[in-house]
Amino acid sequence: MVVRLGIDVGGTNTDAVILRDREVLAGVKASTTEDVIGGISAALEAVIAKAGIGRDEIDVTMIGTTHFTNAVIERRGLDPVAAIRLGLPATACLPPMVDWPEDLVEMVGGHRYLLRGGYEFDGREIAALDEDELVRIAGEIAEKGIRAAAISSVFSPINRGMEERAREILQAHCPELPVVLSSEIGRIGLLERESAAIMNAALLGLSDRTVDAFGAALTEAGLTCPFFVTQNDGTLMGAEMVRRFPVLTFASGPTNSMRGAAFLTGVKEAIVIDIGGTTTDVGALQHGFPRQASTVVDVGGVRTNFRMPDVFSIGLGGGSIVQGDASDLAIGPKSVGYRLTREALVFGGETLTTTDIAVRAGMAEVGDAERAAGIDGDLVAAARARIAEMLEAAVERSRISPDPIPVIAVGGGSILAPERIGDLEVLRPQNFAVANAVGAAIAQISGEVDRIFALDGTTREDCLAAAESEARAAAVAAGAVEETLSVIEREDVPLAYLPGNATRIHLKVVGDMGGVHA
């Protein structure tokens, strides 16, 4: 039996669970610390003690983190980057980072370079790569002390040869320079893919430090098992992959919660509401995985187009502040957050929160219920109605059909959810409070292809088969067991506006990690 340790590092709490195959042995919450590692260590020690197992029995550790997302949003820990685009004489009117917030451009240095190169949609060259200009740029990178480079080429998901050649030239002149290729991260769409590559390059230094810190925390705890980090689509990356592609962890927190919700209930098609201390994340499950966003996703004011779950947030959580009276009531978006256990009424504080409302209504047993006994009954009824109204509006926004699928409520704040939301039944599974850590623990490994195929001289079926073969090879290379692979997304969109009978194919497969079965 495989024993897995799942850890999810959130902004307020760090959650940890231990699973033996499909059985949750223990789950705990610890406060997230500023250095992140302190919270991981505290949660890890507590969950091992609660599960009553030996450290040598743990086979593998999975970690979910918002560390890199927060770095972009909070504008901290980012390295200067040389943003190099291969696309002239096309694309000159919109330089790299053209739509970025000014403070973020300043943080990464604003080093923008455009030179000849790039491809048409069918792989034909726009212009030959300007290698002499690349050599000059390499000299400037060394002179300015720029720490990383991001290379993007027009239609590089079709043909990444030019990006790879550009990397060779840069590293021949700057041997220690880490170089990110846009074709390894984003999808079709130059500006968004380029932005994802630049952002990834800016996070490489932080990624190195974070991966080292994760490894140190586990080693100090006496664990010798390998560890993996969850990415945006609910699947896993090895430590070295995280060092190279930190942006792929963005939104892994909500994704882990949704995967955990599917695992704990056995339900594959549902709406998931993850209610934390400050916000509620809402998204839809399809085949047990989060539905992926079909449009560009904004991260810290930057438009990107790598894979992200279709999840949105509302300002409702267990620490949301309740203001006004029954006739004029406001709930959130302000929250006491991680100060809940000091500032809420039931914990001896002076602030009326939604947790106090839940305790007064008999929906939860936390803190000292006597301290909430004086809350006016009409105010409690009005607050419960308002909470139900906020959740119903959020759930309806995620529904794409009138089918009566269930709503799964997870997260520590899900004590706020009523028994039904609109016409939908609410499921609150056992271990709901640590569903995000459960989602991390059960994560699988994926392989994905998203590119344009020209159908001239071939068939649609052959292109789909080629895409599936490529996705399977990527998953196996990442550590998946080939026999466990299955296709969870397959999309084929004919592109009538392009010559050559072109079609865009997006295909994803997932499978179990070697020796670990979800």
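Contact here means heavy atoms within 4.5 Å. This is a predicted model, in which local features need pLDDT of at least 70 and side-chain atom pairs count only at pLDDT 80 or more, while totals for chains, interfaces and linings use all residues. Residues are numbered from 1 along each chain as its sequence is written, and side-chain values use heavy atoms, with hydrogens and water left out.

**View 1. Thr 353 and the residues in contact with it.** Thr 353 sits in the loop between helix 10 (340-343) and helix 11 (354-360). Helices (H or I, at least four residues) and strands (E, at least two) are DSSP runs, numbered from the N terminus. Leaving aside neighbours within four places in sequence, Thr 353 is in contact with Gly 318, Gly 319, Ser 320, Val 322, Val 336, Leu 340 and Ala 344. The relative accessible area of Thr 353 is 0%, so this residue is buried. Buried means under 20% relative accessible area, exposed over 50%, and partly exposed in between (1.4 Å probe, protein chains only). Between the C-alpha atoms of Thr 353 and Glu 220, 133 residues apart along the chain, the separation is 38 Å.

**View 2. Ser 156 in a loop.** The loop runs between strand 7 (148-153) and helix 5. Ser 156 has a relative accessible area of 1% and is therefore buried. Not counting residues up to four places away in sequence, Ser 156 touches Glu 163, Ser 182, Ser 183 and Arg 193. Ser 156 and Ser 183 are 27 residues apart along the chain, and their C-alpha atoms are separated by 5.5 Å.

**View 3. Helix 4 crossing helix 5.** Helix 4 covers residues 131-144 and helix 5 covers residues 161-173; their axes come within 9 Å and cross at roughly 45 degrees. Axes are lines fitted to C-alpha atoms, for helices over the stretch in contact, and angles run from 0 to 180 degrees between N-to-C directions. The two helices are therefore oblique to each other. Angles under 35 degrees count as roughly parallel, over 145 as roughly antiparallel, 65 to 115 as roughly perpendicular, and the rest as oblique. The crossing of helix 4 and helix 5 is right-handed; a crossing is right-handed if the near helix is turned clockwise from the far one by less than a right angle, and left-handed if anticlockwise. From helix 4, Glu 131, Leu 134, Val 135, Ala 138 and Ile 141 meet Arg 165, Ala 166, Ile 169, Leu 170 and His 173 of helix 5. By class, this contact has 7 nonpolar, 1 polar and 2 charged residues. Ala, Val, Leu, Ile, Met, Phe, Trp, Tyr, Cys and Pro count as nonpolar, Asp, Glu, Lys and Arg as charged, and the others, Gly among them, as polar. An α-helix has 3.6 residues a turn, so residues three or four places apart point the same way.

**View 4. Helix 1 beside helix 7.** Helix 1 (residues 37-51) packs against helix 7 (residues 204-220) at an angle of about 30 degrees, with the axes 10 Å apart. That angle makes helix 1 roughly parallel to helix 7. The crossing is right-handed. Ile 37, Ile 40, Ser 41 and Leu 44 in helix 1 meet Ala 213, Phe 214, Ala 217 and Leu 218 in helix 7. The residues of this contact divide into 7 nonpolar, 1 polar and no charged.

**View 5. Helix 6 and its covered residues.** At 1.5 Å a residue, helix 6 (residues 190-202) should span 18 Å, and its end C-alpha atoms are 18 Å apart, which agrees. The expected span of a helix is 1.5 Å times one less than its number of residues.

**View 6. Two cis peptide bonds.** Pro 89 is in the loop between strand 5 (81-88) and helix 3 (102-107). Another cis bond joins Gly 332 and Pro 333, with omega about 0 degrees. Pro 333 lies in strand 18 (residues 328-335).

**View 7. Asp 21 and its positive phi.** Asp 21 is not a glycine, yet its phi is about 55 degrees. The residue is in the loop between strand 2 (13-20) and strand 3 (23-31). At 29% relative accessibility, Asp 21 counts as partly exposed.
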